[in-house]
Structures are given as C-alpha cells and as structure tokens.
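Good morning, colleagues. Please look at the sequence and the structure as they come up, and I shall then take you through a few of the features.

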Amino acid sequence: MKLKNVQISKEIRKTIIELANQSKSPHVGSSLSCVDILTVLYFDVLNLHPWEKRDIFILSKAHAAMSLYSTLATRGIIDRKTLAGYYQNEGTLPAHLDRFTANGVEVSAGSLGHGFNMGIGMAFGFKKKKEERRVYALIGDGESQEGSIWEGAFFGSKLRLDNFTAIMDYNNLQGYGRAREICTFEPVKAKWQAFGWHAVEIDGHDHNAIKGACAEDTQGKPKIIIAHTTKGKGVSFMQDQLIWHYYIVTDEHKNKALCELDSE
Amino acid sequence: MRNTFINTIIDTCKTREDVFIISGDAGLGVFDEFKEKQAERFLNLGVAEQNMISFSAGLAMTGFKVYVYNIIPFVLYRCYEQVRNDICYQELPVTLVGIGSGITYSPQGMTHYSVEDLGIAQTLPNMKVFSPIDPIEAKLAAKYSLNCESPVYVRLAKRGEPNIHKNENFDITEPQLIEDGEDVAIVFHGSIGLEVLKAREMLKKDRILPKLISIPMVIPINTEKLFSLLKNMKYVITVEEHFLNSGIGSMLSREYVKINPGWKLFTLGIRDEFIHAIKDLNGMREYFGISAAKIAEYIRKKVTV
C-alpha cells in the first residue's frame, strides 16, 4: 500500500508539471507542496462511496488547484479531457475553483480564508442531519494569517466538530516571503491548541504519518494537522524557492522536472 | 416589520425541518423565546462576520435554508467578499436579514447606518433584494424567501411600523400602488414610505395628488410593471433613505434613458457624504430633505399642475 501511494504521488506530480507547462499558469510550487496530502486523502482516507454521501475535501488554498485537478483525474473523478481544458480558452477548469465546473470541486474558492469556514459550516450541517460524513479542508500557512481562519477556530471547537479536519500545508513560503519571518507565526500548534483544537504536527510528505494523523481520535474536538512540507516538493530546482509560486514551467523546465521525477 | 419578518420564519420552523437561523450576536427581544424552545435551529455565531457568512454558505450546501440576522453593515459590508464568493457566486439559498435600513439608527453614527447597501447589492448578481414599507410587505418577503433558491437580502427598518397595505393578496415581486393620483408619482421603498404618505396629505391643499408606488422588491425591479403604473405621469419623484448615487433613483435613471418615457424624473435621497450630523431619525430626515414636510416642499417647487 505504501509503495503504491508513493507511485501515485509521483504520477500526480508529473501531471501537475505537464499541466503547468501546457497552461502556462503559475502556482506550480504551491501545487507540488500538497500532493502527498491529497494522495493519502483521496486514495486512503476519504469515503467516496456512495458519492451522494461522500466525505468532503475542500481545497481552501485554492491557488493549488492544479494539485486538486490532477488528483481528481488520477483518482478517476474527473476525466483527462476535462483536465486538459484547464486554463485554456473556452476551457473547462479555471485557475481558482468554481464548484460548477467539475465533480469533486466541492466549493468555489480562491480568496483565502473562505473554504475553511465553509467546511466548518458543512461539518455542522452534517452533524445536524446526523450524517456520518466528514469534512477535510486544506489551508496554507499564508492563509492562516487571515482573521477569518481564527474566527472559525473559535467556533469549530465550541461546536465540537470532531467530524472536521483542517490540514495546514506548512511549507513556510508564501507569496512574498516566509510565514515565520512575516509575522509571529510560531508557536502555531500552541495557538490551535489554545483555541481548543486537537493539534497534530507531522511531516507532510510522509504518507503513513498523514494517514495516522487523519485517524487520530480527538475526543470530540475538531482537528488540525500541521503538515510540514516543502514548496515545489519533488523537483529539486523548484524546492523551497519563492519564485516557483509564480514561475511558468517552460518546455526545458518540464523535461528536466519529469526526468528527475522518473529517475526517483 | 422586523418582528413580523422573523416571526414568519420562526413559525415556518415548526413545519419545515430545513430552516436554520444564524445571528451575529444580535437579536435581543427577537429570538429570546425561539432560542430556548427551538435551540437546535438557532446559532449565535458571535462577533465574527466573515465566519458567519462562510459558515452559512457551508450549512446551506448540506441542504439547509439559512437565515442570517444582523445589523446591515455586519451582514453585508464587513463580510462583502464572503457574501460575494460564498453565497452569491455559489448560488446558495441563504437569506441575509439586515436591520437598521438607511438612517433608522440615528444618532448611532455613520458606522451603523446603511445608506449604500443597495449600491453594494447591485454588484451581486443572483441576489434578490427586498425593502418593505410595512409588516405586510415584510411578511410576504419572508414567504418569498422561504421558497427562493437564490440568495436574498432583506433591508428592514426596525420595529413598530404600522401596516399600510390593507390585505396580503398581492405579488411581492411587483411595484405596489399604494395611493392613486394624477400627474405626479412618488416612487419609494422601505419605511421612508410613511413620510411619503404624510407628504401626500400635506400636498392636498396645494391640489397636488400624487400617485404613490412602493417598490418592495428593489432588485430586480419589475420595470415593465413600474413603467405601466407611471404611464401618463408628468413628474416622477423617487424618495429613499439611501445615497442618491446608487439607490432606486439611480436605478430608475438608467431605465429612463433606455425607455425615454416622457415624464420628468427627480430623485430625493441622502446626499452622498459621510454623516457627521447628530440628530434623531426625524431630525436627520429633515436634515437630508426626506421628511414629510421637506418632500412636500420639494414637490411644490418642482411641480406645476
């Protein structure tokens, strides 16, 4: 199982590189950062059958949309033709999420600090309806500077939403700097704990750790998984480089990146 | 009208399981009984408006019909982007119940007035907007919202307004003829309609008998119906407790140039400036030229019949 998922993550990374190259769209670094988290969620954790009663995954840091689209395609939730229309004229999928475009795009998002809170509302709704569905939301470390995140944090614990899990893609590299240098980001785990959340800190590229953190019992609390990641993970020249928040993947970049991913 | 609107929703909670009410830490005297008796259908999400709106969108996505109650700036301004992206862009059946329309809250200060909300609401495609004159229009707006799949925003004054309509048998989406008249028509929305009614009485001795038209559904305005009611008028005056630059006066001006209906159009409302004056509601309406006496005076000057 472990090996299989690692292989899947590699395929998703290659798909992202291809997609970024074809589309000439930015945010490839942000997308590569969360591939392992999405792999584990979509291939191990989320209950997707029956579809009408599925668990919900919200990509709150929606600028990593290439990662979601590539994962949905790899999981067979959207088809390759839909994927190919990403960021194209008369295309199928925009750079930030529009829930009316494809199955599996659960919410429209792009402005940070929205998806997380919608997820809390959904988790509350499922509890009200006594449905066993769970909600997962992936937030960024930059996104965690939004006041709305902390507004939601107040209420997620008060409402005892143990069916809600937030995962922070903590690559410490946001749009124009490092979270830890821009603001008093640390101690971020203690902040969540102080808000009444069950907080777990893991290596966000370790599949077993991700799976284990998702399975952890929270005794009625909502969960935050602080996943330490590397922006641009998997492609050496993109890793932990601010410019790959924006840079376009040229043919040369693509060939080099694919070659590297294949030789891993 | 506030209580009538809310009580209509609360009554529906007895028969419909999908209705849910969220408050942003407002509603003393409004929800007191409801939050005890039907605690499972009510949630106070505190002083956290961004979360309140996104949360409501999420709740609506699980199949609930959500009502969000707050003072207008805190249901539409503070959380504009959440309303735009999470409710309107996603086409969710969430109703924003805003209280304190216009300068109702005088003299609470500018932060608590809502004199630009229609301007803001016009930038939100999919959103239906109501501005009732009385409890009957408020009740029908509530009933409309209960069956509406789109986002709705309701602009309410406060409480204690008398009923102007004599019955409930009308289509709330259409402009309403309140009083018939000749040559002059006054078009208005919301509780300022009470001043307009008084102005009409004052104008009787000048032998001016305006037709009065209330617009309970402000967005979208049923212009076909409105222009048919305004047929054969010589003068049309819009009166509203809202900035002139973006209320129904401005909306009607845009329709006017398309249709060129032949009558003269004048717009009365609140000057487009931040309000520093400290006065009660009556004093403030006088100050902005939208009290009954000022409306009558304005019409006397503008109109020759």
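Let me begin with A:Arg160, which, neighbours within four places in sequence aside, is in contact with A:Lys127, A:Gln219 and A:Gly220, contact being heavy atoms within 4.5 Å. This is a predicted model, where local features need pLDDT of at least 70 and side-chain atom pairs pLDDT 80 or more, while totals for chains, interfaces and linings use all residues. Residues are numbered from 1 along each chain as written, chains are lettered from A and ligands numbered from 1 in written order, and side-chain values use heavy atoms, without hydrogens and water.

The side chain of A:Arg160 reaches the backbone oxygen of A:Gln219 at 3.2 Å. A:Arg160 is partly exposed, at 48% relative accessibility; buried means under 20% relative accessible area, exposed over 50%, and partly exposed in between, with a 1.4 Å probe and protein chains only.

The largest nonpolar core has 136 residues, of which A:Trp192 and B:Leu96 touch the most other members. Such a core is a set of buried Ala, Val, Leu, Ile, Met, Phe, Trp, Tyr and Cys residues joined through side-chain atoms within 4.5 Å. Because domain 1 (2-156) and domain 2 (176-302) of chain B both contribute residues, this core lies between them; the domain bounds come from an automatic or database assignment.

Finally, the cysteines. Over all chains there are 0 disulfides, a disulfide being a pair of cysteine sulfur atoms within 2.5 Å. For A:Cys34, the nearest cysteine sulfur, that of A:Cys214, is 14 Å away, and A:Cys34 is buried at 0%.

Definitions and conventions
Polar contact = N/O pair within 3.5 Å; in protein donor to acceptor, adjacent residues only side chain to side chain.
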